[in-house]
Amino acid sequence: MVGLSPSHVRELVKSNYPLAMYEAGLAEGESAYGHGGYISVPELPAGVAVRNSRRPDIIQESSYLRILAPAGGWLAAATLEKLADCAETYGRGLVHLTSGGTIEIYTGREQMLPLVRELNSGGLDVGSTGDDLRCLTACCGPVRCEHALVDAPALATYLGQRFIDDQQYPGYPQKVKSAVAGCPNDCIRAMMQKDHSFIGVYRDWPMVDGEMLAAWREKGGDLNGLLAACPAGALTLVGDTLEVDKERCWRCMACINYCPAIRPGRERGVAWVAGGKYGHRGPQGPMVGFVLVPFIPVADDDYTAVGDIFGAFLEFWADNAKKKERVGDFIARVGPLKILRELGLEAQPQILLSPKRNVY
């Protein structure tokens, strides 16, 4: 059976989306929408969204409502039905799943308040626009990934609930994007895309199951390929025993991804990486974040320590950053050591961008 290839145009046509805006943008070589703009709707926070229109002759304003999506992208069919009903009843019949992990329903400002009330009744809330804390995203986590070292959706949900006001009321110098990855594989590229990324890590050593390793080799497992896969050269074979050089190991997951006989260590926590961004704006341009805290212990799903550090940084950054200064540019200007001192944290060698490759 062969189906139709997905088409965004087909979906737009099926809705009441103003296609004239799309056509105008293509004809002019520039989006018909303008950046920025907040709305004022009584009883609603300012950070629920709107985007200015450069073509008020087509639509006066491109008002949409941005919805905080559940972490990890997990949506029940009933929730999807709720979103569809809301889009049909209060909007243009279109639901937009954004690349930033949020959900948008295009509507008019007169429909926003009843729409939010309906969303609230379904367990959803709004926010994540302008210079505020954007919706926290996460990988799928241990729900379906055996490599997860921390419950990424659970941590993102905790942070989202603790900082819900910061997601709804713009009050920061610039937008703040954040994500949680369950392990150093970082499948969601949090460290490169987000101002703040929290990465599941382990602090002890990879564990090798000798019997599983022997079975893996008997089935054709490529031992030389395994040894070569380690970027630190930390694996050696002594007799039939695979040994890990504890001084050289990066705890990066390369050997674990390669061979099922190797598993992560048991001492697990979260690394805090701050300052990543893809954008070309700002003096530093695109940059990977700084590992400001390489290990925050997490036990019994208690994420309080992570939230405390996150909140302390946001407050310090809000008080000291220049207007429109992204987190990465701020850290580069102020210096990671000063930030750690202000937050009462100890400096660790991992704050270097490439700690294992720096000869000093």
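Reply: We'll take a surface patch, then some backbone angles.

Reply: This is a predicted model, where local features need pLDDT of at least 70, side-chain atom pairs count only at pLDDT 80 or more, and totals for chains, interfaces and linings use all residues. Residues are numbered from 1 along each chain as its sequence is written, and side-chain values use heavy atoms, with hydrogens and water left out.

Me: Which residues make the nonpolar surface patch?

Reply: Val 9, Val 13, Tyr 22 and Leu 26 make it, and it covers about 360 Å². Patch residues have over 30% relative accessible area and no salt bridge, and nonpolar side chains are joined within 5 Å. A salt bridge is a Lys or Arg side-chain nitrogen within 4 Å of an Asp or Glu carboxyl oxygen. Areas come from the Shrake-Rupley method with a 1.4 Å probe.

Me: Which helices supply the patch?

Reply: α1 (8–14) and α2 (19–28) each supply at least two of its residues. Helices are DSSP runs of H or I, at least four residues; strands are E runs of at least two.

Me: And where is Tyr 22?

Reply: Tyr 22 sits in α2. Its relative accessibility is 31%, so it counts as partly exposed. That class lies between buried (under 20%) and exposed (over 50%).

Me: New topic. What is the phi of Ser 128?

Reply: About 75°, a positive value, although Ser 128 is not a glycine. Ser 128 lies in the loop between α4 (112–121) and β4 (137–138).

Me: Is Ser 128 buried or exposed?

Reply: Buried, with a relative accessible area of 2%.

Me: What about Lys 324?

Reply: Lys 324 is not a glycine either, and its phi is positive, near 70°. Its loop runs between α11 (304–320) and α12 (327–334). Lys 324 is partly exposed, at 46%.

Methods
Patches are made of residues with over 30% relative accessible area and no salt bridge: like charges are joined within 9 Å, nonpolar side chains (Val, Leu, Ile, Met, Phe, Trp, Tyr) within 5 Å. Buried means under 20% relative accessible area, exposed over 50%, partly exposed in between (1.4 Å probe, protein chains only).
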